[in-house]
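Work through the exercises below with the sequence and the model open side by side, and try each task before reading its solution.

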Amino acid sequence: MPKPSPQASISPPPSSAPAGAPLPPAEAGSCLTALSGVSGNRLRAAPPSASLAAEGCRVVEPVIVEALAVRRPDGPGSIKLVPPPTLSCDMARALSVWFDSALVPLARGALDKELASLRVGGGHECRRRNRQTQTPMSEHATGRALDIFAFQLGEERQGRLEISVEKPEGLVQTRFLDAVRQSACGAFMTALGPGSDAAHANHLHVDIQQRRTNSSRFCQ
């Protein structure tokens, strides 16, 4: 599948956090301390382990992320990550901005539902790209990447809607995923999903890999 057209019927909101977004500035000391101070964020320091400190796989300020704060029409809320991944705190910060400024408005506008949780995988994992033996180290190795397999919307007691990244059902879900992917291309340094290559056929990969310039993006 080619990169989603900018003419998609659902226009993604700006990738930068709007005024009042539930995210402290990057300069506010420890990332974990800053994020922990936001109501709705549920994350904690990851326990020390050899894989978090291994050569080529060191994670800066590793955290386990259970949920990240967002704004709802009726007040503060949060989006769960299932199962909770281990990420660098900087990656958790980037996800927090994206959730609040892009994903929540897109879900509400396209599907008239509140985004409740993401089914995820591939947080920190000490490995090379695409699990090959000769490729450079993956951003997963430093906890600066996340793989998203599905978006879950609505109240669980009312029958939660799950939208699979690999197999959306119908045009509305497809357009929603296209818009999500467009917004990811602005919010992250890398966004790869179905159609980019075989390794990303069933999920959306986002990461904050450092590139030559902050405006450089790899989006497929």
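**Exercise 1: a proline in a loop**

Pro-83 is found in the loop between strand 3 (75-82) and strand 4 (86-88), where helices (H or I, at least four residues) and strands (E, at least two) are DSSP runs numbered from the N terminus. The model is predicted, so that local features need pLDDT of at least 70, side-chain atom pairs count only at pLDDT 80 or more, and totals for chains, interfaces and linings use all residues. Residues are numbered from 1 along each chain as its sequence is written, and side-chain values use heavy atoms, with hydrogens and water left out.

Task: determine which form the peptide bond from Val-82 to Pro-83 takes.

Solution: omega is near -10° for this bond, and the bond is accordingly cis.

**Exercise 2: positive phi**

Task: locate Glu-61 and Asp-112, and state how exposed each residue is.

Solution, step one: Glu-61 lies in the loop between helix 2 (50-53) and strand 2 (62-72), and its phi is near 50°, a positive value in a residue other than glycine. At 30% relative accessibility, Glu-61 counts as partly exposed (buried is under 20% relative accessible area, exposed over 50%, partly exposed in between, with a 1.4 Å probe and protein chains only).

Step two: Asp-112, in the loop between helix 3 and strand 5 (115-121), has a positive phi of about 55° although it is not a glycine. Asp-112 is exposed, with a relative accessible area of 66%.

**Exercise 3: buried residues of a helix**

Task: name some buried residues of helix 4.

Solution: helix 4 covers residues 170-187, and its buried residues include Phe-176, Leu-177, Val-180 and Cys-185.

Notes. The expected span of a helix is 1.5 Å times one less than its number of residues.
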